[in-house]
Amino acid sequence: MTPEGPQGLLIRPIRHGTVIDHITAGQALNVLRILGITGTTTEEVSVATNVASGRVGRKDIVKIENRELRKEEVDRIALLAPNATINIIREFTVIEKKGVEHPHELLGVVRCPNPGCISNTAEPARSRFIVVPNGLRCHYCDWLISKEIAAHIL
Amino acid sequence: MRHIISVRDMDRRAIDELLDRAAEIEARRYDPNLLRGKILGLFFFEPSTRTRMSFESAMARLGGVSLNMGSVEASSVAKGETLADTIRVVSGYVDAIVLRHPKEGAARLASEFASVPVINAGDGAGQHPSQTLLDLYTIRKSMPLDGLRIGLLGDLRYGRTTHSLAIALSLYGAEIAAVAPKGLELPSGIVQELADRGTSVTEYSAVEDVIADLDVLYVTRIQRERFPDMASYLDVASSYRITPELVGLARPHMIVLHPLPRIDEIDPRVDALPNAKYFEQAHHGVSVRMAMLGEVMG
């Protein structure tokens, strides 16, 4: 018992799918955006934010039912939550646990903030960003996004 | 297939080799039939005199011919055709493409759709590698490129020549002094990139404060089209002017460069000084562009 009351599970375990743990507190909804999971997609999603964590103080957790994230999806998360851990769940059991790695580049994930960039025109140019040590650099116009990456997610 | 899109794609060795080749060409040691039978396509979606004509001159001197798209109004672009489609089509007509376009990244996009080499001749406020190479060539004729202290003066926000030059000089250990009117300073992304490349940028509010320490003063014009009205343009444009008296404060070996055209930012009396290298700089455009054409088509 804690002074606040009994401890329990904020969100229930999932049978199959992915649990993203140790997300930087406050970034859970952005993690969903960067994964392309919005209110219009069909996944069953549970989100817990600002959960107490012995390891990182406060953290967010996302559980996605019936979807196992692919490597390139997992690595996108590194841009927003570099300490996140990914648990792949089958029959309520963690069958794989992994960290996230910065991807080399992002295709079709982030919109270039430069209004003069060719990728913001009717040309057949898909958004493409190279991941550099201090952010993301547009493949076309070299614009550097060094902060608030989540604000530029397509 | 070799494209020339950005100085960011080039290492020091690649730049030095192109400049060495340009020096050979300037000394008349080149094959005047190197590009005989080849056709260069010139696609200028923005006005140009020096860049377009010097590419045409360079192609002619190497024995090739040039095809010019002409004005945008008279082309399929006026019908709404995308750049990507234009490039795909004309790749069948020419052996290399020189492109100037108002959108940043246009040349990179073109290179993805072209089946022939693409040379970037300026993309919006982005890159202009042939100008950078001829700037470097002009400096190298006066002094070694290593460890220069260069002053960049003028519109450093939108001026693509200064961005390209600063990035290239970071390969040679330059120190950069940036002097820009308020609101036209070097973009923070460029300053950050230069820092990542180990190049320091120091900002000054007046060229008088730094000219005595410079090896090179690179002057650019303020672009009138960036301002909402004539009064605000004139207010900024008149905030600096290079005069013989100002050059007199510099060390004797300091050279003054300008990508041209100039408006009022350099007093015509400076033209007669040995420090003034901007017309030589424009002439070097032909040798440097001959080296570039040979590189992608030779």
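## About the model

This is a predicted model, in which local features need pLDDT of at least 70 and side-chain atom pairs count only at pLDDT 80 or more, while totals for chains, interfaces and linings use all residues. Residues are numbered from 1 along each chain as its sequence is written, and chains are lettered from A, with ligands numbered from 1, in the order in which they are written.

## Chain B as a whole

Chain B has 10 helices and nine strands; helices (H or I, at least four residues) and strands (E, at least two) are DSSP runs, numbered from the N terminus. Its radius of gyration is 19 Å, close to the 19 Å that the globule rule gives for 298 residues, so chain B is as compact as a globular protein of that length. That radius is taken over C-alpha atoms, and the rule is 2.2 Å times the number of residues to the power 0.38. The C-alpha trace of chain B spans about 55 × 45 × 40 Å along its principal axes.

Of the 298 residues of chain B, 48% count as buried (20 or more other C-beta atoms within 10 Å of the residue's own; 12 or fewer is exposed, and in between is partly exposed, with C-beta atoms placed from the backbone). Among contacts in chain B between residues at least 6 apart in sequence, 75% join residues at least 24 apart. Two residues are in contact if their C-beta atoms, placed from the backbone, lie within 7 Å.

## Helix pairs in chain B

Let's start with α2 (residues 50–61) and α10 (residues 278–297) of chain B, whose axes come within 8 Å and cross at roughly 55 degrees. Axes are lines fitted to C-alpha atoms, for helices over the stretch in contact, and angles run from 0 to 180 degrees between N-to-C directions. That makes α2(B) oblique to α10(B) (under 35 degrees is roughly parallel, over 145 roughly antiparallel, 65 to 115 roughly perpendicular, and the rest oblique). The crossing of α2(B) and α10(B) is right-handed, meaning that the near helix is turned clockwise from the far one by less than a right angle. Residues of α2(B) in this contact include Phe55(B) and Met59(B), and those of α10(B) include Val286(B) and Leu293(B).

Helices α3 (residues 83–90) and α4 (residues 106–113) of chain B pack at about 45 degrees, with axes 9 Å apart. Leu83(B), Ala84(B), Ile87(B) and Arg88(B) of α3(B) make the contact with Ala106(B), Leu109(B), Ala110(B) and Phe113(B) of α4(B). By class, these are seven nonpolar, no polar and one charged (Ala, Val, Leu, Ile, Met, Phe, Trp, Tyr, Cys and Pro are nonpolar, Asp, Glu, Lys and Arg charged, and the others, Gly among them, polar).

## Where the chains meet

At the interface, 19 residues of chain A are in contact with 17 residues of chain B. The chain A side divides into 10 nonpolar, seven polar and two charged residues.

## Backbone details worth a look

A cis peptide bond joins Leu260(B) and Pro261(B), with omega about 5 degrees. Leu260(B) has a positive phi of about 60 degrees although it is not a glycine, and is found in the loop between β9 and α10 of chain B. With 17 other C-beta atoms within 10 Å, Leu260(B) is partly exposed.

In chain A, Glu91(A) has a positive phi of about 50 degrees, again without being a glycine. Glu91(A) is found in the loop between β4 (85–90) and β5 (93–99) and counts as exposed, with 7 C-beta neighbours inside 10 Å.
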